[in-house]
Each structure stands twice: as C-alpha cells, then as structure tokens.
Amino acid sequence: MSDITAERAIPEVPPREASYLTATTGLASWLLTTDHKRIALLYMAAITVFFFVGGAGAVAIRIELFTPQADLLSADAYNRAFTFHGVIMVWFFLIPSIPNILGNFLLPLMIGAKDLAFPRLNLISWYIFMTAGGLAIYTLLSGGVDTGWTFYTPLTTAFSNGNVLAAAAAVFVSGFSTIATAVNFIATVHLQRAPGMTWFRLPLFVWAIYATSIVMVLATPVLAMVLALIFAERAFGIPIFDPLRGGDPILFQHLFWFYSHPAVYIMVLPSFGVISELITCYARRRVFGYNFMVYAILWIALVGFLVWGHHMFVSGQSLFANLAFSLLSFVVAVPSAIKVFNWTATLYRGQIIFDAPMIYALGFIGLFTIGGLTGLFLASVPVDVHVTDTYFVVAHFHYIMVGGAVSALYGGLAFWWPKITGRLYPEGWARFAAIMMFFGFGFTFFPMFIMGYLGMPRRYHVYPEEFQVWHVLASAGAVILAFAYLLPMGFFAWSLVWGQRAPADPWGATGLEWQTSSPPPEDNFHSPPVVEHGPYNYHPEHAGPPAMEREQHQPQGRQPQGRGS
C-alpha cells in the first residue's frame, strides 16, 4: 500500500460533478441506489433517528431518577421506558452503527474494490432494517413493552402486559438485515481485494469488520430462534419455557446469552478497528504488533462464544459451570488487554497530533480500560453474586458499549468526514466535543459503580434517599453527555454548507481510501489501485514537520484557521 509522505504530492480535488454524491440526482436515485457509499449514508440517517428515539428513553429515565420518589413515571411506564431504551439502542443503534455506516462506506475503499460483492443485497438489507425499525416504532406507539431488553421468560411468555410480539418481531426482522450485511462483507473481503492486497496487508479496520461479520453470521440465527420460541409460547401456548408444563425458563437464558455475549463484540470489535486507524495516523507510527492485533481480533471473536454463562452465575447453574465460565471470562480479557497495550506502545515516541479523532481515540482507550477492568470483577463469581442486578452492571455495560462504541463512532466520523462529504469541519469545536464526551460520560456512569456496589438495584424508579446524591451526579453528567453527542451533529451539518473543501488526504494517512478524491467518484477510484506495501507505512523521518510547524505551513492542505478552530 503506497505511503503518503510529505514528499508525495496530494492528488488534486476533482470537480464535484465526479463524486458519488452528484453522479445521479433525485430521490429515486438514493432510494434505489446500489452504491455502497450512498447506502452508508442511508444507514447514517436512519440510525441517527433511532439514536434520538432511544435517547428520549434515557432522558425520561434520568429525569425520573433525579428524586427518590416517582415524580414523572409510574412503575409500569418506567419499565416500558428502560425497555424501549435498551431495545432501540442495542439493536437499532449500537449493533448496526459502525458496521453499517463506516463499514459500508469504507470497506470497499480500503481494499481497493469498486463496491461490495452484492450491491443489491446491500440495498435490500437497508430496507429490511427500516422495516424492523418501523415495527419497533409501532411497538412504542402501541403502548411499548415492559420486559426489559433481555426479554426474560416467563415474564415475556406469560405475564407481560406489553406488546411483546411486536417488539420481538422487530428484533427478529432486524437480524435478517444483520446477516445479509455480514455475508456481503465476508464475500467482499474474500473476493474483491485489489491486486497485492494480501490478508496481512489488510487494514485493522477491515480485519475488525471481517471478524464482526463472522460473529454476526454465526450468532444472529440463535437470537432469531429464541425469539421465535417466545412467539410460539406466547401466541400459541406451546410449553417451551413454562416449568409447570415441562418447559425450562433457564433454557431461554442460555440461548439468549449465547447470542448476546458475542453481540457485545459485534458492538465493540468494529470500534477496535476504528481506534487502530486513528492511533496509527495521529501518532505517525506503524501499529505496534500488527500480527498480534489481528490474532487478538480473531481470538476475541472465537472465545466470545464460550463465555455466555458468566451472565448466569445466580441462575442456579452448577458450581463447576460457574468456575469454567469464570475462567473463560478471564481468558477473553487477554486479547483485549493486548490491544490496549499495543495501542499504548504505538503512541510511545510517536509524533502525536491531538486533533479531534485522536482525542476521541484516547477517550475510548480510557473508557474501555475502565469497562474492561470492571468486567474482571464481574467475571469473579463472589463479586458477581454481590453486584448482580445492580447499577454496577449498568455502569460496566455502558462503559464498554456506549462509552467505547460511541466514542469510536464519533472519532471515526470525524476522521473520515472529509472523505465522506468532501468538507472540513471546525477543528476547535470538534476537540471540545471530544473532551466533553469523555468527562460527561465519566460524570454520568462512574457514580453508578459506587451506588451499585453499595446495593442500589437496577430497574427501580423508587429508591432509598441515601442513593440520591449519586443519581443527581449521574443525571447532571447526562446533561453534559447529551451536549457532547449533539454538538458534532451541529458542526458536521455546518461543514456541509460552509466547510472548506477537503483535499484527498487532509491527515497524511496511508490507507487506500485516502488515495482517491474527497468525496470519492462513483466507482471509488479514478484508476484501479495496486498495493505494494503493508498497511500503516509510517516512518518518523516521513511523518511530516512537528505539530506547530504543521499549523503554520499546512503541507497536507490542512488549514485549521479556515475551519473555525
């Protein structure tokens, strides 16, 4: 993969008429497109809507928990609020966000392909996703569901007063979109690589999307199966989980978590790929231990299927099973620790540039490290028994899934925004938003570790007064976090109208996606690329002038002062 150095001239920006954004016009050209880049933007629009819908549930929850008594929501309404928040955020935001937006846009560009292997299937997967989203919105409008996002039986099958079948159908249908997208990504990586793009020349983001796609294909059918069983028992009375008629409610937990723990890595593995791209670019160094990073990604994807039982330490399973799942949970933490170590080693003696994407990446490492370390607490059976179903679990989950995945999503959008849109955003505002997201997240969720360890149970909207100070801190932090989430949407939208035109490679990065125009042409490249080097071909002597000199001379076409920084 040819490196872009200070000595190499940046390709001139082609006329905007040549870009994928303007190749065809009209609403039909977007709704019927098979261009992976346009489909990525369709996903971005849809997922942003679901982010606001799910976020509304979080706002209602934090307002209610500001005081110890029920001031805003009744017990039933509170159950429906946190359930809908979880369902929307997990299956309609966290799982599809990075793969369907950044993965769809970047995967063909990064491997030198013109499009995904199955362009029509890619468009169909978006329509399936929108159908599932419509079912989810119908569930909300028809009264919601009160089971929690995990759909535990026998509540879902016998006792729930919510619209369980519609919610289960929404998640069931979304799984078909997930599987279609994953099959497309796997086929593309196998079949569409440019000449010279061998397996160990693939960028780590491609490896992360590839491993995530394997997990999607293997795990998602299990979720579809267990949701179908819920439908069969609730709608037709077939005794699958009812112990009074020979069923087994614990069977549901085994099936659900066999999917849902690998689903954790569906959410976080793509983040690992994004962070690897950001760290190496803004440290101006090759990724430390590239091969180990690849093996760690694949190891996480494999071992992630073997640790579902650590969610069930208090379900009555045998002590031997608890011991085995505890050990495996510690084992799966090793490759994650390798990745954090290698990112840190990549930073060592690097020419670090603290642009917004890098700040998001550093924030991710901090939040993910806290989430990972507290995961070791939950992997220990005695501690897990103490904090099960408390806010300690809520904090851990959000540090990994939300703090990690959302930081990576925003960092990736900031990094590749010039490539997606051809416009530069105001760097100063972007840095401010990245810093605010890190501190806002800490103020929101770190108090939950404390109150959870002290015994505050999750899913309660009325609580003892001694926990109020922690809830007030969390709700105040949520206000900061909300501004940190909304601010980038503002300056990204501003850049579309007033942002400076972006050169092909504003950051001095080395990937194939930076060797085409910004935004790319409809077929991605003006001439077919040929890969001659491994990824991340950075060298200290070629890393460009120091940060202060870069600000003055802008050898790569960067002009922060013109971007409102």
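**Helix packing, a pocket and local backbone features**

The crossing of H2 and H15 is left-handed, a term applied when the near helix is turned anticlockwise from the far one by less than a right angle, clockwise being right-handed. The model is a predicted one, in which local features need pLDDT of at least 70 and side-chain atom pairs count only at pLDDT 80 or more, whereas totals for chains, interfaces and linings use all residues. Residues are numbered from 1 along each chain as its sequence is written, and side-chain values use heavy atoms, with hydrogens and water left out.

Helices (H or I, at least four residues) are DSSP runs numbered from the N terminus. H2 and H15 pack with their axes 11 Å apart, at an angle of about 160°; H2 is therefore roughly antiparallel to H15. Axes are lines fitted to C-alpha atoms, for helices over the stretch in contact, and angles run from 0 to 180 degrees between N-to-C directions; those over 145 degrees count as roughly antiparallel.

Helix H7 (residues 204-236) and helix H8 (residues 249-283) also pack at an angle of about 160°, and their axes lie 8 Å apart. This angle makes H7 and H8 roughly antiparallel to each other, and their crossing is left-handed. The contact of H7 with H8 comprises 25 nonpolar residues, four polar and one charged. In this classification, Ala, Val, Leu, Ile, Met, Phe, Trp, Tyr, Cys and Pro are nonpolar, Asp, Glu, Lys and Arg are charged, and the others, Gly among them, are polar.

For helix H9 (residues 290-303) and H10, the axes come within 9 Å and cross at roughly 155°, so H9 and H10 are roughly antiparallel to each other. H9 passes H10 in a left-handed crossing. Helix H10 (residues 319-347) has 29 residues, which should span 42 Å at 1.5 Å a residue; its end C-alpha atoms are 43 Å apart, in agreement. The expected span is 1.5 Å times one less than the number of residues. Just after H10, Arg 349 takes a positive phi of about 60°.

The second largest pocket has a volume of about 440 Å³. Of the 23 residues that line this pocket, Met 44, Thr 48, Leu 413, Trp 417 and Phe 492 are the closest to its centre. Two or more lining residues come from each of helix H2 (36-64), helix H3 (75-111), helix H13 (391-421) and helix H15 (468-498). The lining of the second largest pocket divides into 19 nonpolar, two polar and two charged residues. On a 1 Å grid over the protein atoms alone, a pocket is an open set of points with protein on both sides within 12 Å along at least five of seven lines, and lining residues have an atom within 4 Å of a point. Grid points are joined across faces, edges and corners, and the volume is the space filled by probe spheres set on the points, the probe being 1.4 Å.

Most residues other than glycine have a negative phi, and most peptide bonds are trans. In the loop between H4 and H5 lies Phe 151, with a positive phi near 55°. The peptide bond from Thr 153 to Pro 154 is cis, with omega near 5°. A cis peptide bond also joins Ser 518 and Pro 519, with omega about -5°; Pro 519 lies in the loop between H15 and helix H16 (547-553).

How values were computed: Parallel < 35°, antiparallel > 145°, perpendicular 65-115°, else oblique.
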